[in-house]
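Open the model in a viewer and keep the selection panel at hand.

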Amino acid sequence: MDIRSFYSTDRVPIKKKCLFDERNMLRALKWLHRIQDGGIANQFFMAFMVTVPVLNFGMLMGWQSPMTPILQSKDGPAPEPITDETISWMASITFFPPIFCGLLVGDLADRWGRKITTLLTSLLLTISWSITLFSLTPWALILSRGVAGIACAGCYVVTPLYLKEVASDKIRGALGSLFILSQNFGYLVVYVAGDIFSFNSVLWLCTAIPFLHMLLFLGVPETPVYLIKQGKVKEARATLAWLRNTSLDDKNLQEEIQQMEREEEHAKSVQKATWRSLVKDKTTFKAFRLSMNVMLSQETCGYLVVLMYAGSIFEQASESIHLKLSPNKQTIVVGAIQLLGSILASCIVEKTGRKWLLAVTSFITGLSMLGLGAWFFLTSYSIWLPGWFPVAAMCCCIFADAAGYQPVPYVITSELFSFQHRGMVTSFVSSVDALSDFLQTKAYDPLLKLLGIHWVFIMFSIVCFAGTTYTVLYVPETKDKTLEEIYAILDRKKDKRKDAEAGKGLEMSRL
């Protein structure tokens with residue numbers, strides 16, 4: 001045999017291909033080992049199951065956009081064309097029940113557990129979709145959204161708690177950001193479904209998801225933290241062992257269980273968590289103020305207005321850049337940008353940290369809002385500006401908001417409080433956020449007529465810049481830190497301010 005034939009050109013590629021396949025196989029095995037190590041795969045599976053109601057709520061919120069033209073059509077499925085007033089109430093009434101139900105849902109989560117409250121959330125979503133499925137009269141559409149509003153309280157209160165209490169420290173931020181990712185994925189799913197399927201097919205799809213989730217979620221365990229609170233230490237250990245993908249005898253597992261038991265003993269040794277106890281403890285009250293400020297900044301940044309005005313921005317841009325998209329295609333583009341931003345947030349939140357991701361994305365959102373306001377202001381005076389500019393600014397705003405400004409405040413809020421205060425604070429913050437959303441959706445048209453769209457966007461940009469400044473100056477980094485370490489940082493900042501004030505007072509006395 002000629003040795004040269006062994007090294008012929010037709011054999012070398014085969015050898016290289018084999019080596020390439022082996023390297024890919026090794027990479028795949030290493031990746032599988034990495035996601036199994038510490039139970040990352042199990043925790044993400046649990047997070048997926050927990051966030052399905054949020055996904056469905058996102059579908060419910062997004063459903064109105066592609067379906068409004070159909071409902072208002074004379075040949076549509078509704079008994080009579082739905083008026084603009086009914087559409088307005090459908091958009092706003094969803095945020096009305098959470099104003100009052102947030103605290104109730106938080107109390108249910110502490111009394112009955114996270115699992116049962118999540119099941120109730122899916123049940124309410126199923127009822128909401130069922131009402132729409134069997135009646136398209138104005139009162140039924142508004143009632144359906146009202147029932148969904150109660151489910152909204154369940155999503156925004158219980159889901160962040162569930163995610164926080166099943167996550168290990170190293171992926172706590174990534175799991176927490178799945179909350180907004182799931183909601184934005186729900187938007188995109190219903191946008192695409194509305195463009196492909198019939199009206200009734202979309203309704204059946206939206207109804208089936210929460211119903212199937214109820215059946216499957218029966219097999220999902222309760223959080224270890226809540227099981228410890230109920231004195232079910234054995235069940236808590238078994239659940240945590242599955243979540244961390246380890247044995248019951250693992251040393252780290254035992255330490256984590258003991259830490260939960262110590263926290264529960266401490267909670268029992270002090271008075272029951274009340275608003276008085278929250279205000280009385282200066283550090284906890286400071287954490288509460290931080291949480292409220294970052295959440296209010298997020299909720300009042302004008303993100304809803306950008307989404308409402310997206311169609312008009314696309315329409316005006318099409319006049320100069322020949323960008324002609326159908327309303328459904330426009331909503332699909334917006335939904336895709338939201339989803340990409342949410343995916344980015346989940347991927348980088350553990351690397352960048354919470355503080356700077358929130359600061360950078362709020363600043364970019366503010367710049368985008370300012371750009372939109374300037375574009376509308378200048379074009380109102382017949383000054384020509386390129387049509388691609390508002391589309392780019394809008395896309396940048398939506399992406400930055402989804403990549404940090406929306407999800408990070410939920411992560412920070414879940415990390416700033418102990419089990420004793422977490423449910424109570426999350427419920428209150430949820431109620432305030434719902435009130436903010438309700439007022440924004442109802443005040444949008446009057447505000448638009450009073451100030452003009454340019455001043456509305458400029459006003460929202462100021463809110464974003466104020467949020468950026470507050471985050472840089474006052475919000476602590478909570479990544480990879482225990483509650484004790486976070487509170488120690490808050491106390492140090494307080495002591496530094498006291499020392500600075502004392503120093504200024506001394507200088508004044510010397511003068």
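Helices here are DSSP runs of H or I with at least four residues, numbered from the N terminus. The model is predicted, so local features need pLDDT of at least 70 and side-chain atom pairs count only at pLDDT 80 or more, while totals for chains, interfaces and linings use all residues. Residues are numbered from 1 along each chain as its sequence is written, and side-chain values use heavy atoms, with hydrogens and water left out.

**Stop 1: the largest cavity**

Select Y156, Q183, Y303, L304 and Q406, which lie nearest the centre of the largest cavity among its 21 lining residues. A cavity is a set of points, on a 1 Å grid over the protein atoms alone, where a 1.4 Å probe fits but cannot get out; lining residues have an atom within 4 Å of a point. The volume of the largest cavity is about 250 Å³, taken as the space filled by probe spheres set on the points, with grid points joined across faces, edges and corners. The model has four cavities of 30 Å³ or more.

Next, colour α3 (40–71), α8 (172–196), α14 (282–299), α15 (303–321) and α20 (419–451), each of which supplies at least two residues of this lining. The largest share, four residues, comes from α8.

**Stop 2: a surface patch**

Move to W112, I116, L120, L123 and I127, a nonpolar patch on the surface with about 420 Å² of accessible area together. Patch residues have over 30% relative accessible area and no salt bridge, and nonpolar side chains (Val, Leu, Ile, Met, Phe, Trp, Tyr) are joined within 5 Å. Areas come from the Shrake-Rupley method with a 1.4 Å probe. Helix α6 (residues 114–134) gives the largest share of the patch, four residues.

**Stop 3: salt bridges**

A salt bridge is a side-chain nitrogen of Lys or Arg within 4 Å of a carboxyl oxygen of Asp or Glu; there are six. Select D110, R114 and E165, which are linked in a network of salt bridges. In the R114–D110 pair the closest N and O atoms are 3.1 Å apart, and in the R114–E165 pair 2.7 Å. R114 lies in helix α6 and E165 in helix α7 (residues 138–166), so this pair ties together parts 51 residues apart in sequence.

Finish at E415 and R354, a salt bridge with its closest N and O atoms 2.7 Å apart. E415 in helix α19 (residues 407–415) and R354 in helix α17 (residues 354–379) are 61 residues apart.

How values were computed: On a 1 Å grid over the protein atoms alone, a cavity is a set of points where a 1.4 Å probe fits but cannot get out, and a pocket is an open set with protein on both sides within 12 Å along at least five of seven lines; lining residues have an atom within 4 Å of a point. Patches are made of residues with over 30% relative accessible area and no salt bridge: like charges are joined within 9 Å, nonpolar side chains (Val, Leu, Ile, Met, Phe, Trp, Tyr) within 5 Å.
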